[in-house]
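Subject: Structure handover and findings

Hello,

Please load it first, then read the notes below.

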Amino acid sequence: HIESNEEIRLYGLHLKAGTSGDDEAEREQEATVLRNYLNTLNPAEHFFVLGDFNFYDSSEGGFQVLTEFQEDNDGQVFDPINRIGNWHNNSSFSDIHTQSTRETNYGNGGASGGMDDRFDFIFVSSSVLSASDVNYVENLYTSYGNDGNHFNQSINAGNNSAVPDEIADALYEASDHLPVYMDVV
């Protein structure tokens, strides 16, 4: 970041999809490789780990590996909105679900079933949550296009109060996931 002369690191990923025990084990292995690398960073580093994690709930091994307290915590990441739980098919989390934008098959592949999973995250290092030159702006983490009113529905079903109809239609057509963004100062 030119103005503050702070280095900001972004790590994008896409962990193994699927609901089987083998799929969960592979996600945990992938998360372990990442956590081992992140633990080599300077604890003052500002970093973000973002992408499609395919976690169904916060008790999954991969989620635990990334967020748990370990002997070396330099690579520990945090959910900046601290919405921990069982996200899959749980209406209590409908405002942060990111998948699937489509209730039925669209024809170009991708998942269907409507908005009922939180697969896409932006996790942050502890330095982003503490007073520093790079900080998350509280309450400005957004699953873009999700108004919280489309649980198990397509993102463009009826009225979407988060975005205009043409944007809801574009999100439906573009992907079976919604983008996630957060404000940082």
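Helices (H or I, at least four residues) and strands (E, at least two) are DSSP runs, numbered from the N terminus. With that naming, Asn152 sits in the loop between β5 (136-143) and α4. This is a predicted model, so local features need pLDDT of at least 70, side-chain atom pairs count only at pLDDT 80 or more, and totals for chains, interfaces and linings use all residues. Residues are numbered from 1 along each chain as its sequence is written, and side-chain values use heavy atoms, with hydrogens and water left out.

**Backbone points to check**

Most residues other than glycine have a negative phi, and most peptide bonds are trans.

Asn152 is not a glycine, yet its phi is positive, at about 60 degrees. Asn152 is partly exposed, at 27% relative accessibility. The classes are: buried, under 20% relative accessible area; exposed, over 50%; partly exposed, in between (1.4 Å probe, protein chains only).

Asn89 also has a positive phi, near 55 degrees, and is a residue other than glycine. Asn89 belongs to the loop between β3 and β4. Its relative accessible area is 42%, which makes Asn89 partly exposed.

The cis peptide bond runs from Gln99 to Ser100, with omega near 5 degrees. Ser100 is in the loop between β3 (77-78) and β4 (120-125).

**Nonpolar cores**

A nonpolar core here is a set of buried Ala, Val, Leu, Ile, Met, Phe, Trp, Tyr and Cys residues joined through side-chain atoms within 4.5 Å. The largest has 28 residues. Which residues have the most contacts inside it? They are Leu38, Val49, Phe53, Phe55 and Phe123. At least two core residues come from each of α1, β2 (46-52), α2 (61-67), β4, β5 and β6 (180-184). The largest share, four residues, is supplied by β4.

Contact means heavy atoms within 4.5 Å. Leaving out residues up to four places away in sequence, Phe55 touches Leu15, Arg27, Glu60, Gly62, Phe63, Leu66, Trp87, Arg118, Phe119, Phe121 and Phe123.

**Salt bridges**

A salt bridge is counted when a side-chain nitrogen of Lys or Arg is within 4 Å of a carboxyl oxygen of Asp or Glu. How many does the structure hold? There are six salt bridges.

Arg27 and Glu60 form a salt bridge, at 3.0 Å from N to O. This pair links distant parts of the chain: Arg27 is in helix α1, Glu60 is in the loop between β2 and α2, and they are 33 residues apart. Helix α1 covers residues 21-38. Arg27 is buried, with a relative accessible area of 0%. Glu60 is buried too, at 4%. Beyond its neighbours within four places in sequence, Arg27 has contacts that include Leu15, Lys16, Phe53, Phe55, Tyr56 and Glu60.

Arg9 pairs with Glu45, and their closest N and O atoms are 3.1 Å apart. This pair also links distant parts of the chain: Arg9 is in strand β1 (residues 8-14), Glu45 is in the loop between α1 and β2, and they are 36 residues apart. Arg9 is partly exposed, with a relative accessible area of 24%. Glu45 is buried, at 16%. A network of salt bridges links Glu7, Arg9 and Glu45.

Arg83 forms a salt bridge with Asp95, with the closest N and O atoms 3.0 Å apart. Both Arg83 and Asp95 lie in the loop between β3 and β4, so the pair ties together parts that are 12 residues apart in sequence. Arg83 is partly exposed, at 22% relative accessible area. Asp95 is partly exposed, at 37%.

**Helix α4**

Helix α4 spans residues 165-174, and its Ala168, Leu171 and Tyr172 are buried. Why do they line one face of the helix? Seen down the axis of α4, the buried residues fall within an arc of 100 degrees, so they line one face. The arc is taken from the directions from the helix axis to the C-beta atoms. On the other side of α4, Glu166 and Ala174 are exposed.

Best wishes
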